[in-house]
Amino acid sequence: MVKSISFKSDMGTKAEGVEFDTVYEDLSSKSPLLLQYNPVHKKVPVLLHNGKPICESLVILEYVDETWKQFPLLPQDPHERAKARFWAKFGDDKVFNQ
């Protein structure tokens, strides 16, 4: 069973064709489940795969890409992968964190 919370993470898992359940979190009153699975940052997103939590959008996307290889999210070429990671981080830093 895979559980995911977050738009970016959801898009990555959908692109890979991974079935998952979405759990909505009231961020003004964080649930014990969120605090259990992300005790460091205490925020979403969290991907729960086989009972193991993976936190942070970009880390989740890389995990999904490495775990479900049917439809790669990143290019095979190392330079192209590095460029894709650069733009993903740029988007995180400049677009999503404003």
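User: Over how many bridges do β3 and strand β4 pair?
Analyst: Helices (H or I, at least four residues) and strands (E, at least two) are DSSP runs, numbered from the N terminus. Two strands count as paired if DSSP finds at least two bridges between them. β3 and β4 (residues 52-55) pair in the antiparallel sense, and the number of bridges is four.

User: What pLDDT do local features need in this model?
Analyst: Residues are numbered from 1 along each chain as its sequence is written, and side-chain values use heavy atoms, leaving out hydrogens and water. This is a predicted model, where totals for chains, interfaces and linings use all residues, side-chain atom pairs count only at pLDDT 80 or more, and local features need pLDDT of at least 70.

User: Which residue in the hairpin of β3 and β4 takes a positive phi?
Analyst: Let's walk along the hairpin. His-49 stands opposite Lys-52 in β4, and two residues lie between the strands. The residue with a positive phi, near 55°, is Asn-50.

User: How many helices and strands does the chain have, and what pattern do they follow?
Analyst: The chain comes to four helices and four strands.

User: Why are the buried residues of helix α3 on the same side of α3?
Analyst: Helix α3 covers residues 57-67, and its buried residues are Ser-57, Ile-60, Val-64 and Asp-65. The arc here is that of the directions from the helix axis to the C-beta atoms. These four residues are on the same side of α3 because they cover an arc of only 135°.

User: How far apart are the closest N and O atoms of Lys-83 and Glu-80?
Analyst: Lys-83 and Glu-80 are three residues apart in helix α4, so about one helical turn separates them. Lys-83 is partly exposed at 38% relative accessible area, and Glu-80 is partly exposed at 34%. They form a salt bridge, with the closest N and O atoms apart by 3.2 Å.

User: What accessible area do Phe-86, Trp-87 and Phe-90 have together?
Analyst: Accessible areas come from the Shrake-Rupley method with a 1.4 Å probe; for residues, only the protein chains shown count as cover. Patches are made of residues with over 30% relative accessible area and no salt bridge, joining like charges within 9 Å and nonpolar side chains (Val, Leu, Ile, Met, Phe, Trp, Tyr) within 5 Å. Phe-86 lies in helix α4 (residues 78-96) and is partly exposed at 49%. With Trp-87 and Phe-90, Phe-86 forms a nonpolar surface patch whose accessible area is about 360 Å².

Methods:
Buried < 20%, exposed > 50% of the residue type's maximum accessible area, 1.4 Å probe, protein only. Salt bridge = Lys/Arg side-chain N within 4 Å of Asp/Glu carboxyl O.
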